[in-house]
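I opened the model and went through its strands and helices one by one. These are my notes.

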Amino acid sequence: MAPRLDFTSEAFFRDPPKAIATLRMSGPVVAIRFPLVGDVWITTTHEATAQVLKDGTNFTLRKEDGDVAGLRWWMPNYVKTIANNMLTMDEPDHTRLRSIVDEAFRRRAIVAMEPRIRAIADGLADELFSAGSPADLVQRYARILPLAVISELLGLPLADRPRFIAWANTMSSLRNVASFFRLLFAFRKMRAYLERQLQIARVRGGDGLIAELVQVEREGGQITPDEMVSMVFLLLAAGSETTTHLISGSVYELLRNPGVRDRLAQDWSRVGLAVEEFLRFVSPVQFSKPRYVRRDIELAGVRLKKGDRVMVMLAAANMDPATHDRPDSLDLARKPNRHMSFGTGIHFCLGHQLARIEAACALEALFVRWPKLGFAVDVSQIHWRKRPGMRAIANLPVVPDGHAAAGSMMVHSQPVAC
């Protein structure tokens, strides 16, 4: 039997490797009860995770009748519209929509955005303590940077950023039924807003990814109006939420380990390699969406039945000792790094390049501007949001000249490296 773990608990988020190691002792695929999902199988190894993500025939995101896994009959139509996006589609619809957004992304040249992203990061770093010290790094830096970048990329008005931040905070607070209904209300407002922005782009054109998507639509791209709304919602939400927690989680680890931070600061050309390790070690996205088992099948020696649901545990794949040497240690020089934080297979993260650039720019800009940045509270006072599936620091109070908490040179009882 698998151990009974609370995937929303402080203990789990503070030390995922410990819980993951316990889970893996039960096998490569274990049966659990997951918050808001129910009974489901989860993978605990890199190999089993990769098998599920790459096998879109036996493990699908839709039921046989086409319904999205996880949606309930009582959910409003606007929720179903938003949920009907690439992340919840199997072939051939996934490739149909992915090709449309791929074309729009190619026209925007993501790599060419790096100087602009760095400029935004520099500006936010300069203003971090403009309202006083201590400052919450999550709300004043890690959340604003990805939202600023994705809203510019989409071509959304600067004046609308406060509402994006409010929506993002609502999404981050998802942890129970009550917060889920608050999220439904936010979804309704977001859908109405995005419908207006798409209509503006259809009438007036514009400069941004929304205008590019509209142009692809005009050129014969096979996409419905509802699919267009869900596409933009996905880009706005997924393009900011996960990167927020990657940035804040990376800063948290560097503040816990000032020696590692100082060595990284000696040569920022290594920041790209460091970001790969933060993607593995922090693992902001802990689990995939549920998939349906389409026929009786054996997965890593475990028999699954048709109709069962399975979720891959990306964080467990990233901590698999069969794939990574000393996986519970933070090693910013780790090579090779075969993390699964962007997934694999047809659903490999569309925004991986953008997330990597944002994280690298965010870390360098922050620590160049504030080389003595430190915790404003004892490390034990840092907490995570009780959101299942997402490792998200709730608040990260920092001061411009601080010291890491005593004993923070050790991570999970293992030495860190750089």
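**Sheet and helices**

I began at the pair Arg 291 and Val 310: Arg 291 stands opposite Val 310 in β8. Arg 291 belongs to a pairing of β5 (residues 291-293) with β8 that is antiparallel and has 2 bridges. I count strands as paired if DSSP finds at least two bridges between them. Helices (H or I, at least four residues) and strands (E, at least two) are DSSP runs, numbered from the N terminus.

The model is predicted: local features need pLDDT of at least 70, side-chain atom pairs count only at pLDDT 80 or more, and totals for chains, interfaces and linings use all residues. Residues are numbered from 1 along each chain as its sequence is written, and side-chain values use heavy atoms, with hydrogens and water left out.

Next I traced the whole sheet. It is open, has 5 strands in the order β1-β2-β8-β5-β3, and its pairing is mixed. β1 and β3 (59-60) are the edge strands with a single partner each, so one side of each has no neighbour in the sheet. Helix α3 (residues 46-54) packs on the sheet and touches β1, β2, β3, β5 and β8. Contact here means heavy atoms within 4.5 Å. The direction of α3 makes about 120 degrees with that of β8. Such angles run from 0 to 180 degrees between N-to-C directions, and axes are lines fitted to C-alpha atoms, for helices over the stretch in contact.

I then looked at β2 (residues 38-43). 5 of its 6 residues are buried, so β2 is largely enclosed by the rest of the structure. Buried means under 20% relative accessible area, exposed over 50%, partly exposed in between (1.4 Å probe, protein chains only). β2 pairs with β1 (residues 29-34) in the antiparallel sense over 6 bridges. Ile 32 stands opposite Val 40. The hairpin of β1 and β2 has 3 residues between the strands, and Leu 36 there takes a positive phi near 70 degrees. On to β8 (residues 309-312): it runs parallel to β2, joined by 3 bridges. Ile 42 stands opposite Met 311.

Which residues of α11 are buried? I found Leu 209, Ile 210, Ala 211, Glu 212, Leu 213, Val 214, Val 216 and Glu 217. That is 8 of the 10 residues of α11 (residues 209-218), so this helix is largely enclosed by the rest of the structure. Gly 220 follows α11, with a positive phi near 105 degrees.
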